[in-house]
Number of protein chains: 2
Amino acid sequence: MSPRRIQTRDLLISLNRGDGARLGRQLEEQLREGIRTGRLAADQQLPSTRMLAQDLGISRGVVVRAYAQLAAEGYLLVTQGANPRVGLVSSAEALAGAGRRERKRGWRFDLRPERPDLTRFPRREWSRSLREAVRTASTAELGYIDRRGLLQVQEAIAAYLRRARGVDVDAEHVLVTAGSTHALTLVARTLLREGQKTLGFENPSNLVLHTLVRRTGLEPVGIPVDEDGLVADALASVDTRSVLVSPAHQFPLGGALTVERRIRLLDWAERIDGIVIEDDYDAEFRYDRVPIGALQGLAPERVVYIGSTSKTLAPGLRLGWAVLPTRLVDPVSSELGASTLHQPAIEQLAFADFLCRGEFDRHLRRMRASYRRRRDHVIDRLNHELPPLRIRGIAAGLHLVVELGGETEEETAERQATAAGIAIDTLSKHALPGYTGPRGLLIGFGATPEPTIPRAIHALAQAVPASP
Amino acid sequence: MSPRRIQTRDLLISLNRGDGARLGRQLEEQLREGIRTGRLAADQQLPSTRMLAQDLGISRGVVVRAYAQLAAEGYLLVTQGANPRVGLVSSAEALAGAGRRERKRGWRFDLRPERPDLTRFPRREWSRSLREAVRTASTAELGYIDRRGLLQVQEAIAAYLRRARGVDVDAEHVLVTAGSTHALTLVARTLLREGQKTLGFENPSNLVLHTLVRRTGLEPVGIPVDEDGLVADALASVDTRSVLVSPAHQFPLGGALTVERRIRLLDWAERIDGIVIEDDYDAEFRYDRVPIGALQGLAPERVVYIGSTSKTLAPGLRLGWAVLPTRLVDPVSSELGASTLHQPAIEQLAFADFLCRGEFDRHLRRMRASYRRRRDHVIDRLNHELPPLRIRGIAAGLHLVVELGGETEEETAERQATAAGIAIDTLSKHALPGYTGPRGLLIGFGATPEPTIPRAIHALAQAVPASP
């Protein structure tokens with residue numbers, strides 16, 4: 001027997017009787033807790049479903065389901081014909097944001113990036129727009145509508161993007177989606193249908209997007225990023241005809257793509273008849289100067305522009321958009337139509353109302369000021385609590401980067417922070433194969449109220465004493 | 001030159017100058033109008049994009065785009081290397097409901113099936129539930145939530161389905177979707193990932209579902225239907241391990257699957273370890289007796305149950321569900337998570353509130369009585385206005401079937417009705433290859449207000465004088 005094999009008794013499972021669903025939940029929670037706390041270590045083998053069911057005196061189906069659930073969350077690794085093994089907790093945490101039921105984790109502080117402050121969601125104003133939408137929707141708008149969205153909603157989004165982001169767009173090129181990730185998967189599927197095999201990604205870039213794109217069937221390929229953003233000249237040596245970029249605020253490093261790089265990137269796309277996908281995920285929150293205009297404005301027939309209300313309002317709304325080059329309007333809209341038919345009409349109308357009343361701009365102004373204060377506060381506390389650090393990516397968005405010496409230091413820091421109950425993200429987590437750039441921690445401040453910041457950064461400094 | 005080739009001058013295109021987009025729209029509209037009015041007949045060849053662009057003195061891109069748009073709508077048939085041909089208008093009309101912007105068609109009467117009365121949408125009650133949802137949503141519920149849906153919403157849907165439809169379900173097996181079609185495409189993609197190649201369909205069955213499933217990569221295979229519903233014994237000779245059925249109210253023929261057939265169908269699924277997908281699309285509207293319980297209740301681990309609020313409330317809500325066998329909960333939810341992440345939280349909460357307040361049941365009771373009166377009225381007028389007819393499928397739902405002698409009679413009747421400005425659907429439209437069953441017209445009464453029914457049926461009788 002392998003020394004890494006755990007016996008049932010060592011799992012310390014203790015079940016109160018109940019029906020299958022209840023037993024399953026108890027089993028699941030106790031296993032998850034064991035893995036999360038590190039009592040069950042990565043790579044250890046669990047008993048087979050048959051053996052565990054027998055030892056616990058419960059039906060095998062209950063065990064199968066609990067294992068499947070934990071595998072889906074990344075807590076277990078399941079391979080055909082072998083007993084399941086304990087996975088790396090960090091990967092489970094990373095994926096949690098992309099799907100599974102959030103369970104109480106008991107984090108003392110949540111410093112993960114990309115989390116807006118949902119306590120500030122403008123409930124009264126949104127409710128008012130919903131009421132207006134229900135009141136004024138025509139009966140045709142309550143029926144099956146155009147898969148691209150309602151025309152007046154496309155128009156309102158186009159007007160906003162022209163004005164606020166310099167996007168070159170009319171209503172007919174807007175597709176209303178369930179968010180940026182939805183938009184991205186629709187575009188990825190379209191590229192796949194056209195025969196493409198790969199999609200270029202900045203390296204590093206958002207882990208969740210790698211996973212979603214890989215699942216469509218396109219293979220992500222990393223392209224280096226430096227201080228000026230994506231190294232556009234590196235595209236020539238990569239086997240891809242499309243690339244996803246975050247020009248206004250590179251995720252996760254935080255830089256902006258320079259004008260020269262923008263031109264080189266678009267030249268590349270023009271030369272090979274390629275497509276650039278611009279993920280404008282949090283460009284509304286820019287602190288150093290006037291927001292950087294969208295890349296799309298320079299080449300509307302080469303760039304797919306995607307954005308959403310997930311950082312500006314709330315991810316729960318599932319409301320976003322793609323601005324498509326003419327030749328992609330029909331194929332990408334068809335991808336959407338072939339699954340959800342179209343986005344819900346009432347929420348579309350509510351968002352158009354919210355935009356037209358100026359509520360969206362008002363909310364953005366308020367939140368921009370608030371996030372800016374949080375950012376300043378975080379930088380101030382970091383400088384105060386920790387030895388001199390290289391801090392990057394402070395000009396925009398909801399997170400910044402604290403550089404660390406290398407992969408080992410990063411791993412140590414992450415482990416120490418996690419052990420101290422601080423949820424944190426690392427650069428390495430978002431790396432694709434071949435990554436040689438900086439290592440460090442991502443410190444999100446979107447979800448941390450200002451008064452909490454000193455305590456959170458103090459706790460971090462205590463947990464990660466020797467980080468620089 | 002083929003006699004079916006149309007010259008540019010015969011297209012009667014007249015463009016006002018403008019930018020490309022404007023020119024494209026004019027071109028598109030004039031071609032569409034020509035096809036819709038029958039001036040351009042089915043199968044005629046249009047000029048090539050190059051020739052038309054040259055003749056009209058516009059850029060070729062504008063023509064390419066207009067042709068692509070019309071092809072997407074079904075007005076044109078485009079084949080590689082050949083000039084585009086004019087498509088059948090009727091197929092364009094059929095697909096319109098599944099996607100493109102509805103344009104004014106000037107129908108005098110709309111007797112298409114599957115259209116609920118949207119003038120009766122309970123705006124006040126829905127608005128109230130939305131307000132409650134916005135007011136009471138936790139901040140966690142405004143963030144990224146579980147891809148399966150919010151637990152309390154899954155619970156409310158499960159309770160409704162247990163009570164009203166006899167579905168054997170707990171909350172953990174419910175997936176909240178953007179409607180039945182969304183649920184179906186997620187299941188189809190999952191089956192495809194499992195290595196399946198085909199999906200059995202009742203023959204005839206809903207054309208739109210054939211199209212959506214084919215697009216996922218699964219090939220629809222028709223299985224005969226008779227008076228007792230799907231001929232379950234025919235499954236043995238078909239190369240498929242899964243089948244989509246509408247047991248409570250077969251679409252479009254209107255029968256219910258007998259108990260004996262239900263058992264044979266589930267036996268087949270058990271024997272080959274297969275999956276039955278139950279589309280319970282309008283079972284709430286049953287007029288002859290207590291609603292027929294869901295097939296799912298007999299074998300919850302063999303049946304995927306799908307339903308939505310599209311017939312009961314409004315398609316525009318994009319709100320539906322799948323009840324999944326345990327082994328499919330994770331894979332199908334992952335398909336959803338991998339594209340839209342999850343369904344919007346506010347609308348989920350609103351629907352749970354709407355259910356819990358009893359508003360949904362109240363609305364169903366009202367509408368059931370109203371649709372029953374419409375049905376009686378339609379039958380009465382048909383018997384009065386037309387020679388003796390075989391009328392089928394009257395016990396439930398939002399449409400009935402008037403049988404006609406054969407395909408020729410059906411085609412003639414459809415053409416006559418269409419020419420008289422009556423939108424109508426035929427059985428043949430929903431047939432898959434190998435169909436040998438009855439032919440006839442589908443007469444939907446969901447969207448036709450009661451006072452209009454006599455005029456609509458009178459107009460139909462005038463237009464289709466010799467139909468029986």
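**Reading contacts in a predicted model**

Colleague: Let me start with one residue. Does Leu142(B) count as buried or exposed?

Modeller: Leu142(B) counts as buried, because its relative accessibility is 2%, and the cut-off for buried is under 20%. Please keep in mind that this is a predicted model.

Colleague: Where does Leu142(B) sit, and which residues is Leu142(B) in contact with, leaving aside neighbours within four places in sequence?

Modeller: Leu142(B) belongs to helix 6 of chain B, which spans residues 139-142. With those sequence neighbours left aside, its contacts in chain A are Leu118(A), Phe121(A), Arg123(A), Ala314(A), Pro315(A) and Gly316(A), while in chain B they are Ala137(B) and Ile346(B). For a sense of distance along the chain and in space, take Glu125(B): it is 17 residues from Leu142(B) in sequence, and their C-alpha atoms are 22 Å apart.

Colleague: Now to helices. What describes two packed helices?

Modeller: Two values do: the angle between the axes and the distance between the axes.

Colleague: At what angle do helix 8 and helix 11 of chain A pack?

Modeller: Helix 8 (residues 180-193) and helix 11 (residues 326-337) of chain A pack at about 115 degrees, and their axes are 9 Å apart. These two helices of chain A are therefore roughly perpendicular to each other. Their crossing is right-handed. On the helix 8 side you find His182(A), Leu186(A), Val187(A), Arg189(A), Thr190(A) and Arg193(A), which meet Leu328(A), Pro331(A), Val332(A), Glu335(A) and Leu336(A) of helix 11. The classes here are six nonpolar, two polar and three charged residues.

Colleague: On to charged pairs. How many salt bridges does the structure hold over all chains?

Modeller: The structure holds 64. The test is a side-chain nitrogen of Lys or Arg within 4 Å of a carboxyl oxygen of Asp or Glu. Glu335(B) and Arg193(B) form one such pair, at 2.4 Å from N to O. Glu335(B) is in helix 11 of chain B and Arg193(B) in helix 8 of chain B, so the pair ties together parts that are 142 residues apart in sequence. Glu335(B) is also buried, with a relative accessible area of 2%.

Colleague: Does Glu227(B) count as buried or exposed, and which residue is its salt-bridge partner?

Modeller: Glu227(B) counts as exposed, at 52% relative accessibility. Its partner is Arg390(B), with the closest N and O atoms 3.5 Å apart. Arg390(B) is partly exposed, with a relative accessible area of 41%.

Colleague: How far apart are the closest N and O atoms of Asp273(B) and Arg302(B)?

Modeller: In that salt bridge they are 3.0 Å apart. Asp273(B) is in the loop between helix 10 and strand 9 of chain B, and Arg302(B) in the loop between strand 9 and strand 10, so the pair ties together parts 29 residues apart in sequence. Asp273(B) counts as partly exposed at 40%, whereas Arg302(B) is buried at 13%.

Colleague: Which residues are linked in a network of salt bridges?

Modeller: Arg25(A) and Arg65(A) are linked in one with Asp146(B), Arg148(B) and Glu172(B).

Conventions:
Residues numbered from 1 in each chain as written. Chains lettered and ligands numbered in written order. Predicted model: local features only at pLDDT ≥ 70, side-chain atom pairs only at ≥ 80, totals over all residues. Heavy atoms only, no water. Axes fitted to C-alpha atoms, helices over the stretch in contact; angles between N-to-C directions. Helix = DSSP H or I, 4+ residues; strand = E, 2+ residues; numbered from the N terminus. Parallel < 35°, antiparallel > 145°, perpendicular 65-115°, else oblique. Left-handed = near helix turned anticlockwise from the far one by under 90°. Contact = heavy atoms within 4.5 Å. Nonpolar A, V, L, I, M, F, W, Y, C, P; charged D, E, K, R; others polar. Buried < 20%, exposed > 50% of the residue type's maximum accessible area, 1.4 Å probe, protein only.
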